Amino acid sequence: MIPYLYVGPGARGATLAQAAVDLKGAPDGHPDARLEIAETGDVGIDRIRDLILWARYGPVRSARKVVVIGPAERLTREAANALLKLLEEIPPHLQAILFAEALDRVLPTVRSRCALRWCSGALAQVQAALRDAGYSEDEVAFTSSLLEERIEEATFFLSERRDPFQEWEKANREASGIDLEELAARFVSNTGDPIRRRAFGRHLAAGLRQSNTGQILKATEGVAQGGKNAVSSLLEELALFLAREAPAAWPDLPPHVLVAWGRKASLARGEIEDNANPRLLLEVVALWPRKS
């Protein structure tokens, strides 16, 4: 089962509602439900250790067990580290649902292992603000797709009126026809801009299969020089490219290979904070599957 992370105002209520659907009954007091919710303070490691022991065994009444964990931003680092293996290897009988109000405060190692679900407050509020700022429905939809889990980057479009389609086309024209090393340099210098980051990121990801090992190593070195944020951003863009564009762009690669590669990129992103050598981590992912 895929673990979910509900984000935004109303996230707690949404997780409890989803748990009720999965259990076909209220989670409070249900034998197959566990609510690891911190009303005050942190979600500590002792609670997570107890949860891991509970998760080993199958359900009693329902088709699966359900655990609700949150607020995810209040997981201590020790608790989050203990939770990671469970999130990576969810038993088939367990559904894990996390919630948070502030995604930027959730440890990257946790959020990268979950499928995000925006609650009505966060994304809807941003879309309403974009409409109020004069963006068309097509522009609102396009901008929302760029923001992904970086909802806070809506400020790039709200502080001034931009032309997202024109900027997107311009950035893609700039990215066309330049070598992988230069793409890496352009990507690093544009990681703070949602449109240009996505444009250079997708071209950089697409260029991995047309480049030799030496070119890839130079490009990953250039990205690593931009710091952990640049490495994490490229891993994010690679995972998105593999999920959305690679099936058509690389029809010779079997779907299971694309899925495995995308998963490797996503998991590596979650390891950035605890990895002393993000460049090496990026190299391993960028050279896969040729090294697998």
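# A tour of rings, cores and charges

Start at W288, which counts as buried at 18% relative accessibility. Buried here means under 20% relative accessible area, exposed over 50%, and partly exposed in between (1.4 Å probe, protein chains only). The model is predicted: local features need pLDDT of at least 70, side-chain atom pairs need pLDDT 80 or more, and totals for chains, interfaces and linings use all residues. Residues are numbered from 1 along each chain as its sequence is written, and side-chain values use heavy atoms, without hydrogens or water.

**Stop 1: the ring pairs**

There are 5 aromatic pairs to find. The rule takes Phe, Tyr and Trp rings (six-membered ring for Trp) with centres within 6.5 Å; planes under 30 degrees apart are stacked, over 60 edge-to-face, the rest tilted.

Select F142 and W168. This pair is edge-to-face, with centres 5.7 Å apart and 70° between the planes. F142 belongs to helix α6 (residues 137-147) and W168 to helix α8 (residues 164-175), so the pair ties together parts 26 residues apart in sequence. Helices (H or I, at least four residues) and strands (E, at least two) are DSSP runs, numbered from the N terminus. F142 is buried, at 15% relative accessible area.

W261 sits in helix α14 (residues 255-271) and W288 in the segment after α15 (278-286), which puts them 27 residues apart in distant parts of the chain. W261 is buried too, with a relative accessible area of 2%.

**Stop 2: charges over rings**

Which residue lies over the face of Y4? Select R117: it is 3.8 Å from the ring centre. The rule wants NZ of Lys or CZ of Arg within 6 Å of the ring centre and within 35 degrees of the ring normal. Then move to Y135. The charged end of R161 sits over its ring, 4.1 Å from the centre.

**Stop 3**

Colour helix α12 (residues 228-244). The expected span is 1.5 Å times one less than the number of residues. Of those 17 residues, 13 are buried, so α12 is largely enclosed by the rest of the structure.

Next comes α14. It also has 17 residues, and runs 25 Å from first C-alpha to last, close to the expected 24 Å. Its buried residues include V257, L258, W261, G262 and A265. They pack against α3 (77-88), α4 (108-111), α12, α13 and α15.

**Stop 4: the nonpolar cores**

Select L204, V223, L235, L238, W250 and W261. Within the largest nonpolar core, of 36 residues, these touch the most other members. Such a core joins buried Ala, Val, Leu, Ile, Met, Phe, Trp, Tyr and Cys residues through side-chain atoms within 4.5 Å. At least two core residues come from each of α9 (180-189), α10 (194-206), α11 (213-224), α12, α14 and α15. The largest share, 8 residues, is from α12.

Zoom in on L204. Beyond its neighbours within four places in sequence, L204 is in contact (heavy atoms within 4.5 Å) with L180, L183, A184, F187, V223 and L234. Then look for a second, separate core: its 28 residues include L5, V67, L75 and L86.

**Stop 5: salt bridges**

How many salt bridges does the whole structure hold? The search finds 19. Each has a side-chain nitrogen of Lys or Arg within 4 Å of a carboxyl oxygen of Asp or Glu.

- E36 and R34: the closest N and O atoms are 2.5 Å apart. E36 is buried at 4% relative accessibility; R34 is partly exposed at 21%.
- R197 and E237: the closest N and O atoms are 3.7 Å apart. R197 is in helix α10 and E237 in helix α12, so the pair ties together parts 40 residues apart in sequence. Both ends are buried, R197 at 1% and E237 at 3%.
- E245 and R202: N to O is 2.7 Å. E245 is in the loop between α12 and α13 (246-249) and R202 in helix α10, 43 residues apart. E245 is partly exposed at 28%, and R202 is partly exposed at 22%.

Finish with E174, E182, R186 and R196. Salt bridges link these four residues in a network.
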